[in-house]
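Thanks for coming. Please look at the sequence and the structure on the screen, and I will go through a few residues and strands.

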Amino acid sequence: MKALAAAIGAVALLGGFHSFHDEGDGAAVAADQGHAPGTYRLIANGGDAACTVTRGADLAGGLSELIVGAGCPAVLPGIERARFWRDRKDGTVGFSENGADPLVSFEAGDGVDYESYAPALPLLTLVAE
């Protein structure tokens, strides 16, 4: 009986340890950060050019569909290849063609939802509509 109680206690302790240390998948992290599907205005250099991007359905592991508006190549040439929005565990966001290698990366912005940090130019902002 004592062995059974000890085994149950060990399993509970181990489960609690994994639960505490497991960062979870990106979708859980994204939900905690308040990210949700929606439409954003992608703006270059303080308003010189702008277009619409839409974060679509969640796929898995912090990955969501991304729909890039027709005017976006004027904002950032090549962005039309982006098909995925990825929420990273550090709170940054990347747009990519293949779900892994970002074409552009964003961090939480000051006064806007996100500001780009890579590539360095043009400076891009994302503002939820």
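Is D87 buried or exposed? D87 is buried, because its relative accessible area is 3%. Buried means under 20% relative accessible area, exposed means over 50%, and partly exposed lies in between, with a 1.4 Å probe and protein chains only.

Before going on, two notes on the source. This is a predicted model, in which local features need pLDDT of at least 70, side-chain atom pairs count only at pLDDT 80 or more, and totals for chains, interfaces and linings use all residues. Residues are numbered from 1 along each chain as its sequence is written, and side-chain values use heavy atoms, with hydrogens and water left out.

Back to D87, which sits in strand β4, residues 84–87. Helices (H or I, at least four residues) and strands (E, at least two) are DSSP runs, numbered from the N terminus. The D87 side chain makes a polar contact with the side chain of R55, at 2.9 Å. A polar contact is a pair of N or O atoms within 3.5 Å; within protein, one must be able to donate a hydrogen and the other to accept it, and residues adjacent in sequence count only if both atoms are side-chain atoms.

Now the strand itself. In a regular strand the side chains alternate between the two faces of the sheet. In β4, W85 and D87 make up the covered face, while F84 and R86 make up the uncovered one. What about β5? Both of its faces are covered: V93 and F95 are buried on one side, and G94 and S96 are buried on the other.

Next, how the strands pair; two strands pair if DSSP finds at least two bridges between them. β3 and β4 run antiparallel and are joined by three bridges, with L63 opposite R86. β4 also pairs with β5, antiparallel, over four bridges. There D87 has V93 as its bridge partner, and R86 has G94. The hairpin of β4 and β5 has five residues between the strands, and G91 in this hairpin takes a positive phi near 90°. β5 then pairs with β6, again in the antiparallel sense and over four bridges; here G94 stands opposite S105. That hairpin has five residues between its strands, and G99 in the turn has a positive phi of about 90°.

For background: most residues other than glycine have a negative phi, and most peptide bonds are trans. Two cis bonds can be pointed out here. One joins A118 and P119, with omega about 0°. Another runs from L121 to P122, with omega near -5°. P119 lies in the loop between β7 and β8, and P122 lies in that loop between β7 and β8 too.

Now the aromatic rings. How many aromatic pairs does the structure hold? It holds five. Rings of Phe, Tyr and Trp (its six-membered ring) pair if their centres lie within 6.5 Å; planes under 30 degrees apart count as stacked, over 60 as edge-to-face and the rest as tilted. One of the pairs is Y40 with W85, which is tilted, at 5.1 Å centre to centre and 40° between the planes. This pair links distant parts of the chain, since Y40 is in strand β1 and W85 is in strand β4, 45 residues apart. Y40 is buried at 7% relative accessible area, and W85 is buried at 0%. W85 also forms an edge-to-face pair with Y114, at 6.0 Å centre to centre and 80° between the planes. W85 lies in β4 and Y114 in β7 (residues 114–118), so this pair ties together parts that are 29 residues apart in sequence. Y114 counts as buried, because its relative accessibility is 4%. Y40, W85, F95, F106 and Y114 form one aromatic cluster.

Last, the core. A nonpolar core is a set of buried Ala, Val, Leu, Ile, Met, Phe, Trp, Tyr and Cys residues joined through side-chain atoms within 4.5 Å. The largest one has 21 residues, of which L42, I79, F95, F106 and L126 touch the most other members. The elements giving two or more residues to this core are β1, β2 (49–60), β3 (63–68), β5 (93–96), β6 (102–108) and β8 (124–128).

I43 lies in strand β1, residues 38–44, and is buried at 19% relative accessible area. I43 and L126 are 83 residues apart in sequence and 6.5 Å apart in space, C-alpha to C-alpha.
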